[in-house]
Amino acid sequence: MTDELLRSPLHDRHLALGAKFAPFGGWEMPLEYAGGGVLKEHAAVRESVGVFDVSHLGKATVTGPGAADFINRCLTNDLGRIAPGKAQYTLCCDETGGVVDDLIAYLHGPEHVFLIPNAANTTEVVRRLQAAAPEGVTIVNEHADYAVLAVQGPRSAELLAKLGLPTDHDYMSFEVAKLGSAELTVCRTGYTGEHGYELVVPSAQAGEVWDALFGTDIEVRAAGLAARDTLRTEMGYPLHGQDLSMEISPVQARAGWAVGWKKPEFWGREALVAEKAAPQRTLWGLLATDRGIPRAHMTVLRPGTDEAIGEVTSGTFSPTKKIGIALALISTASGLTEGDEVELDVRGRRSVAKIVKPPFVNPSVR
């Protein structure tokens, strides 16, 4: 890896677990671990509990009089619909309706919002907010100050309870707690579709918290970026840069539920309202009907023809379904919809897939 890649404060622990690393969003990320691999790590999250180090995720604090109202005038979702102590999935769009980033906003109060953007986009999100902020509202990039650990799976609550951490709060809410010397935020959020939590921990105490998670009598498996991708794809959760981007709007990506359409103001509102009335393409799920495994950028074809009607944005082998799955943008003008078949160009070979509406597996997240 190059010296330019950032490293998690838990890097030495990943090395001790035999992690294989890969660059992602400017960070050196654990891709998978020795003795596990993507299939075992994926299964641990679906069946028991897995822990991801997602410290690459951004962190930014917005404070000052009217901080929450300011964020509500910028980001798509409606912060007015949640109370302090709740979290909300939202999007930062530009004036064209393109997605600068998708992120989670944690509402502490009218003068304090904590944001978790994606790694590579944190600087740009902070820059845009700082440029638009009214006097008295401050946006601070705290990317290096906190680590984030995602504890995901059916036994995640049992694991945290053994450590004395809160577990019975509602989905998309958070509580502040203590674990040893660390004051941390326990969030009922995640990116896997399973019951789970994300722990926002000061970087200096990240090792202490990581060791505690692996120090109970519950078998816990460390999980890397590869399993995180298969898990989120099975749920149909978008990945920015693939299923959401400056070229793929919330309307196209089925993320319109995260847009406060009744709000009078947010970045990109005019463009998104216009697109909502006549979308040109829609994100669908594709379920392979043969042994083909869809991959990003494969062309989606009308069956029996060379007519290109879309493109795969994310594709993988589903460890749960034991078959290829994908997310793909398909032209609305094609007339194809749920239940119809399409063909994929897999290195010059035709592979058949059925159009479905994600998720591909039954969620237990709530």
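Predicted model: local features only at pLDDT ≥ 70, side-chain atom pairs only at ≥ 80, totals over all residues.
Which residues does His-56 touch, not counting those up to four places away in sequence? The views below come to that after a look at the whole chain.

View 1. Residues are numbered from 1 along each chain as its sequence is written, and side-chain values use heavy atoms, with hydrogens and water left out. You're looking at 8 helices and 20 strands (DSSP runs numbered from the N terminus: helices are H or I with at least four residues, strands are E with at least two). The C-alpha atoms fill a box of roughly 65 × 50 × 40 Å along the principal axes. For 366 residues, a compact globule would have a radius of gyration near 21 Å, and the chain agrees because its value is 21 Å (taken over C-alpha atoms; the globule rule is 2.2 Å times the number of residues to the power 0.38). Of the 366 residues, 56% are buried (under 20% relative accessible area, with a 1.4 Å probe and protein chains only).

**View 2. His-56 in its loop.** His-56 sits between strand S4 (50-53) and strand S5 (60-63). With 4% relative accessibility, His-56 counts as buried. And here's the reply to the opening question: His-56 touches Phe-24, Trp-27, Met-29, Ala-119 and His-143, leaving out residues up to four places away in sequence (contact means heavy atoms within 4.5 Å).

**View 3. Strand S4 and its two partners.** Gly-50 and Phe-52 point one way from S4, Val-51 and Asp-53 point the other way, and all are buried. S4 pairs with strand S10 (residues 146-152) in the antiparallel sense over 4 bridges, and with strand S14 (residues 221-223) in the parallel sense over 3 bridges (two strands pair if DSSP finds at least two bridges between them). Phe-52 is a handy landmark: Phe-52 stands opposite Ala-150 in S10 and opposite Ala-223 in S14.

**View 4. Ala-67 in helix H3.** Ala-67 belongs to helix H3 (residues 67-74). Its relative accessibility is 0%, so Ala-67 counts as buried. Setting aside neighbours within four places in sequence, Ala-67 is in contact with Val-62, Pro-110, Glu-111, His-112 and Val-137. For a sense of scale, Ala-67 and Pro-359 are 35 Å apart in space, C-alpha to C-alpha, and 292 residues apart in sequence.

How values were computed
Buried < 20%, exposed > 50% of the residue type's maximum accessible area, 1.4 Å probe, protein only.
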